[in-house]
Amino acid sequence: MRHPHDRHEAPAVDLEAEADLARCGALKDFWYVACLSTELPANKPLARTVFGTGLVLFRGPDGAPTALRDRCLHRNARLSKGDVFDGRLGCPYHGWVYDASGAVVEIPALGPPQRGEKLDAVACAREGLKPAPCELGRLARFPTREQDGLVYVYLGGDVTRARAEPFRVPYWGTRGWTVYFMVTRFANGVTNLVENFMDVPHTSFVHRGWFRDPTRKRVPSTVKRHAGRVRMTYLQEEDALTGLGRLFNPRGLPLVHTDEFIAPNVTRVDYQWGDSGFAINSQCTPIGPTDTLVYTAISYRLPVDLPGAWVGRALTPFVRWYTRQVIQQDVVIMETQRQGLADGPGGGVYSGTEADLHHADVEALRRWLREGAQGPGPEDAERDVVFWV
């Protein structure tokens, strides 16, 4: 175990390269959340930017989500400003129509004879028609997957080479558990965000009184890096949380607390007291170097011995309001960090101690992926550390 006062410096996190589709290496070879299922109705397109790439999402005739490049082949207008009808997408500029495969299927300016099925060149010449619209090209189409209330998109090219399946939302569809989503835009990059989401020491300061008060208690912990994951296990059964902690643990049961990073962009934080507890799962989608959409699933189960089911129903609005206040505090501190990173030369070089070993592990995994994931990744390691919170 390292001495708690040992100091180390980590290389700068290259937020520019991490969010650039052409320079992000193997970071793009994973599924990323594009939107909530509820954000994508049957009759309206949705604009998203992932790795600096503009996408338009809409539902095809079978209701399945489609993701195309958000740029009409004709004059490059944003298709996300257009209309969806019969599972097809119409451009707002000249009305060019695309199907779910990205093919042009109708050009209003050519008139009715050009609508419908494609004619071969001989038939076009015989009928005196111009080439069929679908011969004009096809928009780039990106694979999509819909599960657990989320729509995922894959920008890595050949989807059979994806390094993992889309992440499953904890306790989705599990009896006795409630799951809801929060979508939050952060003015910071993915590496900094995932470190924040699984960072205990900051909670005594950023969330003072809301989540945890500074008590200066010694918390022995274990950091385990294995198979693209970094898992923190906190060995402090008596951790007294404020706010939701009191709501979920009225009987004073021992706490089981783990934080986990799942490469390249997912965190999961679990607080469990017997049969009750909550899991906070955040999936980060990079828009640009310092612009990220975070899709957070809050999964919770209240103690089964609460006096009546009406208590759970009455508390649900409070739980949603409370978690929104806490995450907004993280929005503010992440912007504060970004401002510091942008302040002159040397920004992005991090100093750390034993309490930052899990952050160093996260940075090592993401750096290896960004550099192309050539050769073996960071080796497995397990270390005991101590926090004071």
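Two strands are said to pair if DSSP finds at least two bridges between them. In this predicted model, that rule describes an open sheet of four strands in the order 3-4-5-10, with antiparallel pairing. Strand 3 (46–50) and strand 10 stand at the edges and each has a single partner strand, so one side of each is left without a neighbour in the sheet. As a general point, strands of a sheet pair through backbone hydrogen bonds, either parallel or antiparallel.

**Strand 5 and its partners**

Strand 5 (residues 65–69) has five residues, and four of them are buried, so the strand is largely enclosed by the rest of the structure. On one hand, strand 5 is joined by five bridges to strand 4 (residues 53–59), and the two run antiparallel. On the other, two bridges connect strand 5 to strand 10 (residues 141–142), again in an antiparallel arrangement. The table lists some of the bridge partners.

| Residue | Bridge partner |
|---|---|
| Phe58 | Thr66, in strand 5 |
| Leu55 | Arg69, in strand 5 |
| Leu68 | Arg141, in strand 10 |

Strand 4 and strand 5 also form a hairpin, with five residues between the strands. Within this hairpin, Gly63 takes a positive phi near 85°.

**The nonpolar core**

Which residues of the largest nonpolar core touch the most other members? They are Leu57, Val153, Phe186, Phe261 and Tyr300, in a core of 58 residues. Helix 6 (residues 309–341) gives the most to this core, contributing five residues.

Val153 illustrates such contacts in detail. Leaving aside residues up to four places away in sequence, Val153 touches Phe30, Trp31, Tyr32, Ala34, Val50, Leu55, Ala67, Phe142, Pro143 and Thr144. One of these residues, Leu55, is the bridge partner of Arg69 in strand 5.

**A pair of helices**

Helix 3 (residues 190–197) and helix 7 (residues 357–370) have axes that come within 10 Å and cross at roughly 150°. The crossing of helix 3 past helix 7 is right-handed. From helix 3, the contact is made by Val190, Thr191, Val194 and Glu195. From helix 7, His359, Val362, Glu363 and Arg366 take part. Sorted by class, the contact of helix 3 with helix 7 has three nonpolar, two polar and three charged residues.

Technical notes. Residues numbered from 1 in each chain as written. Predicted model: local features only at pLDDT ≥ 70, side-chain atom pairs only at ≥ 80, totals over all residues. Heavy atoms only, no water. Core = buried A, V, L, I, M, F, W, Y, C linked by side-chain atoms within 4.5 Å. Buried < 20%, exposed > 50% of the residue type's maximum accessible area, 1.4 Å probe, protein only. Contact = heavy atoms within 4.5 Å. Axes fitted to C-alpha atoms, helices over the stretch in contact; angles between N-to-C directions. Left-handed = near helix turned anticlockwise from the far one by under 90°. Nonpolar A, V, L, I, M, F, W, Y, C, P; charged D, E, K, R; others polar.
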